[in-house]
Amino acid sequence: MSDRLLDIQSLSSGYANVPVVRDINLHVDAGEVVALLGPNGAGKTTTLLTVSGLLKVLDGSVNVLGEPTSFGTPHKTARLGLAHVPEDRSLFFGLTVRENLRLGLRGNRAQQSAGYDRALELLPALQPLMDRRAGLLSGGEQQMLAMARALVSQPKLLLVDEMSLGLAPIIVERLLPIVRDIANETGAGVLIVEQHVHLALDVCDRAYVMSHGEIVLEGSAAELKDRPDLLEASYLGGEISA
Ligand code: ATP
């Protein structure tokens with residue numbers, strides 16, 4: 001398989017056949033962390049849901065791990081090696097940390113054991129919490145658990161929607177580098193949606209900025225950090241001229 005893990009070409013998608021994301025192109029290669037930025041309502045979550053097969057491709061194409069994304073059967077995409085940490089984290093609050101992690105396991109016994117160990121190596125703060133119910137964890141601990149549950153499946157492509165939602169900036173500063181470690185240590189591609197633009201640019205390789213359903217700016221993290229004026233204009237919906 002090539003290094004291109006996610007390839008989105010001229011994608012339009014949305015709700016009830018009405019596109020809210022229009023004509024976007026985006027890719028993620030192996031070992032890359034890519035940030036999807038933009039103001040509220042820009043279409044970032046819609047894009048991730050379409051990649052996972054939870055929303056229909058209305059036009060264009062989405063290729064995940066070498067295959068077209070399959071709408072309505074996200075388990076097929078998961079079997080290929082995609083893991084999605086959704087905005088609401090989707091944890092089972094009545095189950096323990098250990099039980100939540102078990103729900104993410106894939107493959108045979110050896111693969112499951114390797115996935116479990118790797119996830120806890122990357123997120124060791126969960127070790128002492130294994131028998132605690134997810135509902136009793138702090139926001140940051142819940143986010144770590146959501147990440148770990150995605151990681152136990154040893155994903156090749158990881159989507160993380162708003163890891164920082166509801167968390168103090170100091171916790172976000174601690175959590176975001178974990179996605180960098182995941183990409184570096186496992187070779188997975190990671191696509192993160194993030195509101196903390198500058199923290200995201202510190203850990204990602206490249207970023208796309210969406211506004212009103214379209215990609216209005218893209219570049220390497222270094223390029224975008226050097227041009228805060230362009231970034232600001234893209235968020236405010238102003239004219240972008242390099
Ligand atoms: P945020 O940063 O606030 O999470 P976002 O960039 O992720 O925003 P989306 O959640 O993708 O934006 O929403 C894009 C557009 O689609 C918005 O105008 C939103 O109101 C609309 N939308 C989202 N969910 C639905 C839905 N279930 N039905 C109809 N429209 C929706």
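This is a predicted model: local features need pLDDT of at least 70, side-chain atom pairs count only at pLDDT 80 or more; totals for chains, interfaces and linings use all residues.

I began with Tyr15: an N or O atom in its side chain sits 3.4 Å from a nitrogen atom of the ligand. Next I checked Thr46, where a polar side-chain atom lies 2.5 Å from an oxygen atom of the ligand. Glu162 came up too, with an N or O atom of its side chain 3.3 Å from a ligand oxygen. Then I looked at cover: the ligand alone exposes 640 Å², and the protein buries 58% of that.

How many residues surround the ligand? I get 13, and the closest are Asn40, Gly41, Lys44, Thr45 and Thr46. I sorted the shell by class and found four nonpolar, six polar and three charged residues. Which helix gives the most to this shell? That is helix H1, residues 44–51, with three residues.

**The four-stranded sheet**

I turned to the open sheet of four strands, which has the order S2-S1-S4-S5 and antiparallel pairing. Strand S2 (18–29) and strand S5 (67–68) are at its edges, each with a single partner strand, so one side of each has no neighbour in the sheet. I followed strand S1 (residues 4–15) along strand S4 (residues 57–64) and found six bridges joining them in the antiparallel sense. One spot I marked is Leu6, which stands opposite Val64 in S4. H1 turns up again here: it packs on the sheet and touches S1, S2 and S4. Its direction makes about 115° with that of S1.

**The six-stranded sheet**

My last stop was an open sheet of six strands, in the order S6-S7-S8-S3-S9-S10, with mixed pairing. Which strands are at the edges? I noted strand S6 (82–85) and strand S10 (214–220), each pairing on one side only. Leaving direction aside, neighbouring strands of this sheet are turned by 15° against each other on average.

I zoomed in on S6 and strand S7 (residues 157–161), which run parallel and are joined by four bridges. Val85 has Val160 in S7 as its bridge partner. A reminder to myself: strands of a sheet pair through backbone hydrogen bonds, either parallel or antiparallel.

I also looked for what lies across this sheet. Helix H6 (residues 169–186) lies across strand S3 (33–37), S7 and strand S8 (189–193). Against S8, H6 runs at about 160°.

Technical notes. Residues are numbered from 1 along each chain as its sequence is written. Side-chain values use heavy atoms; hydrogens and water are left out. A residue is near a molecule or strand if one of its heavy atoms lies within 4 Å of it. A polar contact is a pair of N or O atoms within 3.5 Å; within protein, one must be able to donate a hydrogen and the other to accept it, and residues adjacent in sequence count only if both atoms are side-chain atoms. Accessible areas come from the Shrake-Rupley method with a 1.4 Å probe; for residues, only the protein chains shown count as cover. Helices (H or I, at least four residues) and strands (E, at least two) are DSSP runs, numbered from the N terminus. Ala, Val, Leu, Ile, Met, Phe, Trp, Tyr, Cys and Pro count as nonpolar, Asp, Glu, Lys and Arg as charged, and the others, Gly among them, as polar. Two strands pair if DSSP finds at least two bridges between them. Axes are lines fitted to C-alpha atoms, for helices over the stretch in contact, and angles run from 0 to 180 degrees between N-to-C directions. Contact means heavy atoms within 4.5 Å.
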